[in-house]
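Hi,

Here is the structure I promised to pass on.

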Amino acid sequence: MRRKHQPYRRNDGFWSCSVCKWKFASKPSADNCPGILRIECANDEYKTAAQWRKLGFEPVDIGDADATSHGHSSKWHYYYRRDHVRGLTKRAPDAGDSAQ
Ligand SMILES: [Zn+2]
């Protein structure tokens, strides 16, 4: 879910934003805020939908990304957190799983 830009001054003189948590040298305008957590690039916890699909998962809600990064040609890349994806293949419950 996107939230409104919330810039604040850090102790070290830099600016940050409680929404995107990015570090800025000067007070950032809302235009610089993606409205969700901003990260450097994909990592173990945050991956794009395509990256998750390769691993056998898909985002629970494709329209609700958890993080973003600024890619080339001013495009944002969107990432989904590990706990917001589910397995692509639905395995039927094994008969042996049920308690006797
Ligand atoms: Zn922000």
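Below is what I found, going from the overall layout to a few single residues.

One thing to keep in mind from the start: this is a predicted model.

**Overall layout**

The protein chain has one helix and nine strands. If you read along the sequence, the pattern is β-β-β-β-β-α-β-β-β-β. Of the 100 residues in the protein chain, 16% count as buried. As for contacts between residues at least 6 apart in sequence, 45% of them join residues at least 24 apart.

**The three-stranded sheet**

Start with the open sheet whose three strands come in the order S1-S2-S3, with antiparallel pairing. Its edge strands are S1 (7-9) and S3 (23-24), and each of these pairs on one side only. Strand S2 (residues 15-17) is joined to S3 by two bridges, in the antiparallel sense. You can find the spot by looking for Trp15, which stands opposite Phe24 in S3.

While you are there, look at the loop between S2 and S3, where Lys21 sits. Lys21 isn't a glycine, yet it has a positive phi of about 60°. Most residues other than glycine have a negative phi. Is Lys21 buried, exposed or partly exposed? It counts as partly exposed, because it has 13 C-beta neighbours inside 10 Å and the exposed class stops at 12 or fewer.

**The four-stranded sheet**

The other sheet to look at is also open: four strands in the order S4-S7-S8-S5, with mixed pairing. S4 and S5 (46-47) are at the edges with a single partner strand each, so one side of each has no neighbour in the sheet.

Going across it strand by strand:

- S4 (residues 37-38) and S7 (residues 67-70) run parallel and are joined by two bridges; Arg38 stands opposite Thr68 in S7.
- S7 and S8 (residues 76-81) run antiparallel, with four bridges between them; here Ala67 stands opposite Tyr79 in S8.
- S8 and S5 pair in the antiparallel sense over two bridges, and Tyr46 stands opposite Arg81 in S8.

S7 and S8 also form a hairpin with five residues between them, and Ser73 in the turn has a positive phi of about 45°.

**The core**

Which residues make up the largest nonpolar core? There are twelve: Cys17, Cys20, Trp22, Cys33, Ile36, Tyr46, Trp52, Ala65, Ala67, Tyr79, Tyr80 and Val85. This core takes at least three residues from each of domain 1 (1-30) and domain 2 (39-88). In soluble globular proteins, nonpolar side chains tend to be buried together.

Cys20 is a handy member to click on. Leaving aside neighbours within four places in sequence, Cys20 is in contact with Cys33, Pro34, Ile36, Leu37 and Arg38.

Finally, go to Leu88, in the segment after strand S9 (85-87). Leu88 is exposed, because it has 11 other C-beta atoms within 10 Å and 12 or fewer is what puts a residue in that class. Even so, Leu88 has partners from elsewhere in the chain: not counting residues up to four places away in sequence, it touches Arg53, Gly56, Phe57 and Glu58. Take Glu58: it lies 30 residues from Leu88 along the chain, and their C-alpha atoms are separated by 6.0 Å.

Cheers

Notes. Residues numbered from 1 in each chain as written. Predicted model: local features only at pLDDT ≥ 70, side-chain atom pairs only at ≥ 80, totals over all residues. Core = buried A, V, L, I, M, F, W, Y, C linked by C-beta atoms within 7 Å. Buried ≥ 20, exposed ≤ 12 C-beta atoms within 10 Å, placed from the backbone. Domains from an automatic or database assignment. Contact = placed C-beta atoms within 7 Å. Pairing = 2+ DSSP bridges.
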